[in-house]
Number of protein chains: 2
Amino acid sequence: MQIITLEQIKLILPSLDLFPEIEKGFKAYSEGKVVVPPIGEMILEKGEVHIKYGFVRGGKYYVIKIASGFYCNPEYGLSSSNGLMLLFSQQTGELECILLDEGHLTNIRTAVAGAIVAKHLAPDPVHRIGIVGAGIQGRLQLHYLKDVVACREVMVWGTSTKELDLYRIDMEREGFRIETTGDASLLQRQCNLIVTATPSKRPLLSDVYLEEGTHITAVGSDTADKQELDPEILQHADLVVADSIVQCMERGEIFKAMEAGKMVKNKVVELGNIISGTSTGRANKEQITVADLTGVAVQDIGIATAVYSAFRGHAG
Amino acid sequence: MQIITLEQIKLILPSLDLFPEIEKGFKAYSEGKVVVPPIGEMILEKGEVHIKYGFVRGGKYYVIKIASGFYCNPEYGLSSSNGLMLLFSQQTGELECILLDEGHLTNIRTAVAGAIVAKHLAPDPVHRIGIVGAGIQGRLQLHYLKDVVACREVMVWGTSTKELDLYRIDMEREGFRIETTGDASLLQRQCNLIVTATPSKRPLLSDVYLEEGTHITAVGSDTADKQELDPEILQHADLVVADSIVQCMERGEIFKAMEAGKMVKNKVVELGNIISGTSTGRANKEQITVADLTGVAVQDIGIATAVYSAFRGHAG
């Protein structure tokens, strides 16, 4: 049994081409080749824990991923996200590898999914990227967008000036031009590719400021009580995409919009089907498109398997 | 973060008094002090995986336990049960300890629960113990019964003569007198404390051979498709006890009996309430009692916390 630490994972990651790996995973998922049981969820006083697990039929491993969000952690100098991934043999149930990623691989695969969505749904050209949330995920989303979007003009929204300043410093170092704001409506009016990446429980983006041709990827809401988008955004969108339709019926923006009576299930298209071409993506420059990413175990299977395989390759 | 291996766990276990620890857990569970979300379940071609998790409100840790059963494993010289337990901080979500128990702690806490049940529900005297299933769990059940039942006369049922012979050798070494059989009806007629510990998917014990005053603990069935007891046994029993009523509505013997229309929910009493005295246990020598143990996360919380605490104590 192999234990791989966060430090080792970080050394391996740059050598991996995760984009096709995770894109392939979404495709297989929508084709019904992946078994993904319902998410395990635990709500504690200080945080929340998600257990995502599953396997690709005929594959080598099954993967169980534990990821937590304890949003007061930064007050103690700790990361809000945490967790680990476990790979087991589909033949014997033996534990083959523990990836002590401390939530890092979850953050990465979430950001990669954001980039995959942008590749398929972003308007062309993107004139300005809007990032809602100046935390870890807000950074990673922008980082991975680099490969699929030429635009380097960015507006970032946050609630803390200090956090926004740090974000600007970090991401300008990566070659972006960053403007910070505390006004989400300004961001909405100026950006046509928007990613929301906060743990908010109330809508941050409003239907009122929604511009023609905008694409929004909502990655923050992964429970039944988190929400970043006004349900009317989904109601008025020309296309609403879910990473997993089954999952988005029970959590995330689509769930919230349906709960509010602003959406019907058959309006939703699955990401894997857009990737494979089975469903139609953005049809023109004017369409408003929304993708709701709640995070599917197939992403964890993809990234965990890729890291472990590379580690074994490196180890000879 | 601490990693504790199976070898280390085995060194610690003899020093632990698990019985009161797990008894206390069942009591707390029935009092509503424990959060135990629904079991995560994954059925693969060669085996099955259960994820059990939860926390005691106000406690230090939350525990996630992964346990698998791959019943062809013994053909390759591997144990059929496998898994690990993880302890995380309730305050920060940080992983504090990995118990690489390979399923051993699950086996132990299941056997301890069997002994707890026997303490509260076994007839007095037990004139002969019947063990259905000559595997690991069949051994451990008998081992832990030692402390609560004076009887050393045992009949064990199994399908393989070789397995039965090995069982006899092992358990006679522990001070029992063992008779082996391939006839479950014989076992039923001769034993008044019976434990079933197989992964069977069809009833092994029949209502026809049920003797007055018998207690049966069914530990094998922990899914919606496994079953060891004829539903009519539960129908005719004077008392039916569940480790968790919620869980036994969806899996195990009680689920099977309800599915067959032989049981109603309000006949079922919860183990923790019998331990606390809130519910009445066996009322007389003649009653037929049945306990259905599907395995509750609170047992995992109890045993994982006990092992980790002892380990830290030993480490100074």
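**Core, domains and symmetry of the predicted model**

In this predicted model, A:Val63 touches A:Tyr53, A:Gly54, A:Phe55, A:Met85, A:Leu86, A:Leu87, A:Ala297, A:Asp300, A:Ile301 and A:Ala304, when residues up to four places away in sequence are not counted. The largest nonpolar core comprises 205 residues, and among these A:Val63 and B:Val63 are the residues that touch the most other members.

Chain A is divided into two domains. Domain 1 is formed by residues 2-105 together with 298-314, whereas domain 2 covers residues 117-296. A distance of 23 Å separates the C-alpha centres of domain 1 and domain 2 of chain A. To the contact between them, domain 1 of chain A contributes 17 residues and domain 2 of chain A contributes 16 residues. On the side of domain 1 of chain A that touches domain 2 of chain A, at least two residues are supplied by each of α2 (18-30), β4 (48-56) and α11 (297-314) of chain A. The most is given by α2(A), with six residues. Classified by type, this side of domain 1 of chain A has seven nonpolar, five polar and five charged residues.

The relation between the chains was also examined. Chain A is superposed on chain B by a rotation of 180 degrees with 0.0 Å of shift along its axis, at an RMSD of 0.0 Å. This is the relation of a two-fold axis. Within chain A, the residue that comes closest to the rotation axis is A:Gly40, with its C-alpha at 3.2 Å. Of the interface residues of chain A, 100% are also interface residues in chain B, so the copies meet through the same surface.

Note on methods: Residues are numbered from 1 along each chain as its sequence is written. Chains are lettered from A and ligands numbered from 1 in the order in which they are written. This is a predicted model: local features need pLDDT of at least 70, side-chain atom pairs count only at pLDDT 80 or more; totals for chains, interfaces and linings use all residues. A nonpolar core is a set of buried Ala, Val, Leu, Ile, Met, Phe, Trp, Tyr and Cys residues joined through C-beta atoms within 7 Å. A residue is buried if 20 or more other C-beta atoms lie within 10 Å of its own, exposed if 12 or fewer, and partly exposed in between; C-beta atoms are placed from the backbone. Two residues are in contact if their C-beta atoms, placed from the backbone, lie within 7 Å. Domain bounds come from an automatic or database domain assignment. Helices (H or I, at least four residues) and strands (E, at least two) are DSSP runs, numbered from the N terminus. Ala, Val, Leu, Ile, Met, Phe, Trp, Tyr, Cys and Pro count as nonpolar, Asp, Glu, Lys and Arg as charged, and the others, Gly among them, as polar. Copies are superposed by least squares on the C-alpha atoms of residues with pLDDT of at least 70 in both.
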